[in-house]
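Good morning. Please look at the sequence and the model on the screen, and I will take you through them.

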Amino acid sequence: MGKEDEKWLIVNIQDAAIFDCQLLNRDIWKHEDIKATVRENFIFMQYAKDDPRGQQYINYYFHARDSSDAYPHIAIVDPRTGEQVKVWSGPPIPKPVEFHAQLHEFLDRYSLNVNVKNPVAKRKPENKKVDVNRMTEEEQLEWALQSSMDNGGNGNEGPKDNDPDALTKDVGKGKARASSPAVETAPTPAAATTKDESTSDTNPLFASISSHTPHTEPTITDPKVTTRIQFRGPTGRPVVRRFNLSDPVRRVYEWIKSDAPWDGKQGVEFDLVFMGKNFIEHLDQTIEAAGLKGASLMVEFSE
């Protein structure tokens, strides 16, 4: 079904005796925006750890199943290859807004389109035997600190399953996205040019966008009418905001230009990029027609 419908598999294994599993059901799976994202992009499966229906998955994928610190377990599996591509393992569970943003970050970086190249995980380097006696005092302190971090900083913690997606973020600090090589190497207008902060907007299309049109989020949460869009700016921390699907793309630009959620960026020229596409030339398209429903946009300021 996942292959036919081009939907990822998202699997949740729970232990009813662990409180974080109850929090997950209350705060994450009942959250309206998360439910809408999962329905649109995933096939959802949830099993108790002793449910016979989940044993095949547990035996193949959930290696830390005997550790209470590995619950709740959430994973995304590629329906075409059976590869486990992302894992959330153990407490603390993320906040609903953070988890929603992480789902959209995943959907931005990975694709089930056969013509799209997904991020490739780098193998972890094998642990080499360390001769502490040959280290300087400074090297010993650094080695001890690194060992503590690698072990979670707590020798009493049980094992957790590693996130394979984390291994794709070693290079470029997590900027790898699902895209074709041509898209990854093509420079955006913001990257290709710079402008003096004292000058006016260099792009006439950007100059035509109002900087005095504040935006109020719609109160309707029906995914058929509205959508939440995630924005990643210079701080790296995602900002999520709701828009009407019938709103023009220009409305998104107006919101950022009028009231940028990043300090010191009000009025500064920027590009909105999603899957390598710059939307400055699609201002009059609706958000739905432009393919921005539930999207995760990069906000790239020209400075």
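This is a predicted model: local features need pLDDT of at least 70, side-chain atom pairs count only at pLDDT 80 or more; totals for chains, interfaces and linings use all residues.

Residues are numbered from 1 along each chain as its sequence is written, and side-chain values use heavy atoms, leaving out hydrogens and water.

The protein has 10 helices and nine strands. Helices (H or I, at least four residues) and strands (E, at least two) are DSSP runs, numbered from the N terminus. Of its 303 residues, 42% count as buried, meaning under 20% relative accessible area with a 1.4 Å probe, protein chains only.

Now the sheet. In what order do the five strands of the open sheet stand? The order is 6-5-9-7-8, and the pairing is mixed. Two strands pair if DSSP finds at least two bridges between them. Strand 6 (238-244) and strand 8 (277-278) are at the edges with a single partner strand each, so one side of each has no neighbour in the sheet.

Strand 9 pairs with strand 5 in the parallel sense, over three bridges; here Phe231 has Leu297 of strand 9 as its bridge partner. Strand 9 also runs antiparallel to strand 7, joined by four bridges, and Asp271 is partnered with Glu300 of strand 9. Strand 7 and strand 8 are antiparallel too, with two bridges.

Helix 10 lies across strands 5, 6, 7, 8 and 9, at about 135 degrees to strand 7. Such angles run from 0 to 180 degrees between N-to-C directions, with axes fitted to C-alpha atoms, for helices over the stretch in contact.

Next, the largest nonpolar core. A nonpolar core is a set of buried Ala, Val, Leu, Ile, Met, Phe, Trp, Tyr and Cys residues joined through side-chain atoms within 4.5 Å. Which of the 26 residues in the largest one touch the most other members? They are Phe231, Tyr253, Ile256, Leu272 and Leu292. Strand 5 (226-232), helix 10 (249-259), strand 7 (270-274) and strand 9 (296-301) each give two or more residues to this core, and helix 10 gives the most, with five.

Leu292 touches Ile229, Val249, Phe274, Phe279, Ile287 and Leu297, leaving aside residues up to four places away in sequence; contact means heavy atoms within 4.5 Å. A second, separate core has 20 residues, among them Leu23, Leu24, Ile74 and Tyr110.

Notes: Buried means under 20% relative accessible area, exposed over 50%, partly exposed in between (1.4 Å probe, protein chains only).
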